[in-house]
Amino acid sequence: MMTRIGKLMVLICVFVLVGALTAPAAEDPIKIGIVSPVSGNYGDHGKLERMGMKAALEEFGSKVLGRPVELVVADSETNPDVAARRARRLIEVDGCKYLMGAVSSSVAAAISAVATENKVLYFATNGNSDTLNASKANTYMFHVAPSMAMLVRGGADYVAKNIGKKWFYITHDYSWGHSGTAWARASAKKLGVTEVGEIKVPLGTRDFSSQLLQARQSGADVLVVTMAGFDNVALLKQLAEYRIYDKMKVWYTLMEFVDMWPLKPEQRQAYANVEVYWNENDKTRAFAEMLQKNNPDTPCPMPLDNGTYEGWLAMKILLTGIQKAGTDDVDSVIKTIEGLEIKDNMRKYPTRVRAWDHQVITQIDLIKANPKATGPAMWDVIDEVDAATVARTKAENPINVSISK
């Protein structure tokens, strides 16, 4: 009969053997699935966010916990159904425990549903709809880009006091565009602004002649625009072509550098909220120069745009979370990221990750395009706003998705 000491030794051997079989080897990669637009309306934006993710990974030496990190890219095609299918494949076939990416908020919501079902951690990098940290919020998603509440509140007060108080809206007709107009309306009520009209345009619109004719005849002194991508490049050109700037000022609730860069200098006249500007300070300038040097096929010069920054920040938060947790266990990493503060973020204000709604908060810039600038320094920064001062409060968004609740 085996003695008690003998049984104990056998059990220890079994535990050691099982541990050796199940623990990840040092050479096993940690796989991160990137669901990002390679084609379609937001193809350029997708390229920039992937550039930022790769830059952050290189800062970590392409490793975390001593294991290599592998990025597996899938084209979302800016289509929620396609993105959901490819997210599922990244999890079930490629073995990704983490997902990241999406420029469109509708695509982000579709990826989030798949991630939640499989208890995989997802970073919505560049969707700005408020639904992502409200009705669509969940424990397995962090919302990295600022919500439209932050963006609109970061500029509405200045616009109402300094530009005009009769607003006409042109809006992309999906959840992100709706969020922009909704928060502009909410701000307008408090600021004594009058609404004189609204037009919603579907994705893929490139001819805005009828919409701009209606805006010209509306009597507005401010055209409030929530649009992006190649559609927006077309709109920006036609704003100048139809001499809209002679009739009213134009304020974008969110502008991408890559959308404005293709324009002639005289076509760049709008005010806008942005998430970052490459020419903000010495650190952002140095980072943009490094990106340009390492990415000769970038869609714009000095390619530190909103998408680039949020992609970089999402990867930095994830890898910092894994490193601090000391494990790649998803629930442990989520717990570590909740409440995390990133100070080395190149900005005036630190980045904070709120535990209760999983919203990442940094900074909003209000800029004015300079039609006399001929190089990439085509904007002037009017204001730098601490995003914490304009983000929704718990009273405004009474949810709690923290894993520790």
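A: Among the elements that cover the buried residues of helix α8 are strands β7 (166–172), β8 (194–201) and β9 (222–226), and helix α9 (230–241). Here, contact means heavy atoms within 4.5 Å. Helix α8 itself spans residues 209–216, and its buried residues are Q211, L212 and A215. These three cover an arc of only 95° around the axis, so they sit on the same side of α8. The arc is taken from the directions that run from the helix axis to the C-beta atoms. In general, an α-helix has 3.6 residues a turn, so residues three or four places apart point the same way.

Some ground rules come next. This is a predicted model, in which local features need pLDDT of at least 70 and side-chain atom pairs count only at pLDDT 80 or more, while totals for chains, interfaces and linings use all residues. Residues are numbered from 1 along each chain as its sequence is written, and side-chain values use heavy atoms, with hydrogens and water left out. Buried means under 20% relative accessible area, exposed means over 50%, and partly exposed lies in between (1.4 Å probe, protein chains only). Helices (H or I, at least four residues) and strands (E, at least two) are DSSP runs, numbered from the N terminus.

Now move to another helix, α10 (residues 257–260), which holds M260. M260 is buried, at 0% relative accessibility. Leaving out residues up to four places away in sequence, M260 touches L236, M255, R268, A270, A369, M378 and W379. M260 and N232 are 28 residues apart in sequence, yet their C-alpha atoms are 8.6 Å apart in space.

W379 belongs to a single aromatic cluster with F257, W261, Y277 and W278. The whole structure has 9 aromatic pairs. The Y277 and W379 rings have centres 5.2 Å apart and planes at 40°, so this pair is tilted. Y277 sits in the loop between β11 (271–274) and α11 (282–294), while W379 is in strand β16 (residues 379–386), so the pair ties together parts that are 102 residues apart in sequence. For such pairs, rings of Phe, Tyr and Trp (its six-membered ring) must have centres within 6.5 Å; planes under 30 degrees apart are stacked, over 60 edge-to-face, and the rest tilted. Y277 is buried at 2% relative accessibility. W379 is buried too, with a relative accessible area of 3%.

Two rings also have an arginine over the face. R185 lies over Y169, at 5.4 Å from the ring centre. R347 lies over Y309, at 4.9 Å from the ring centre. The test for a charge over a ring is NZ of Lys or CZ of Arg within 6 Å of the ring centre and within 35 degrees of the ring normal.

Next comes a sheet. Six strands form an open sheet in the order β2-β3-β1-β4-β5-β6, with mixed pairing. Its edge strands are β2 and β6 (141–143), each of which pairs on one side only. Two strands pair if DSSP finds at least two bridges between them.

Strand β1 (residues 30–36) is mostly covered, with 6 of its 7 residues buried. β1 runs parallel to β3 (residues 67–75), joined by 7 bridges. β1 also pairs in the parallel sense with β4 (residues 98–101), over 3 bridges. G33 faces a partner in each neighbour. In β3, V72 stands opposite G33. In β4, the bridge partner of G33 is L99. Further along, β4 pairs in the parallel sense with β5 (residues 121–124) over 4 bridges. M100 stands opposite F123 of β5.

Most residues other than glycine have a negative phi. L65 has a positive phi of about 55°, although it is not a glycine. L65 lies in the loop between β2 (63–64) and β3, and is partly exposed at 35% relative accessibility. M346 also has a positive phi, near 75°. M346 is in the loop between β12 (341–342) and β13 (351–353). At 10% relative accessibility, M346 is buried.

Last, the record. An unreviewed UniProt entry annotates residues 29–370 as "domain: Leucine-binding protein". UniProt positions follow the numbering used here, feature names are shortened, and annotations may be inferred rather than shown by experiment. Over residues 29–370 the chain is 40% helix and 21% strand, and the end C-alpha atoms are 46 Å apart.
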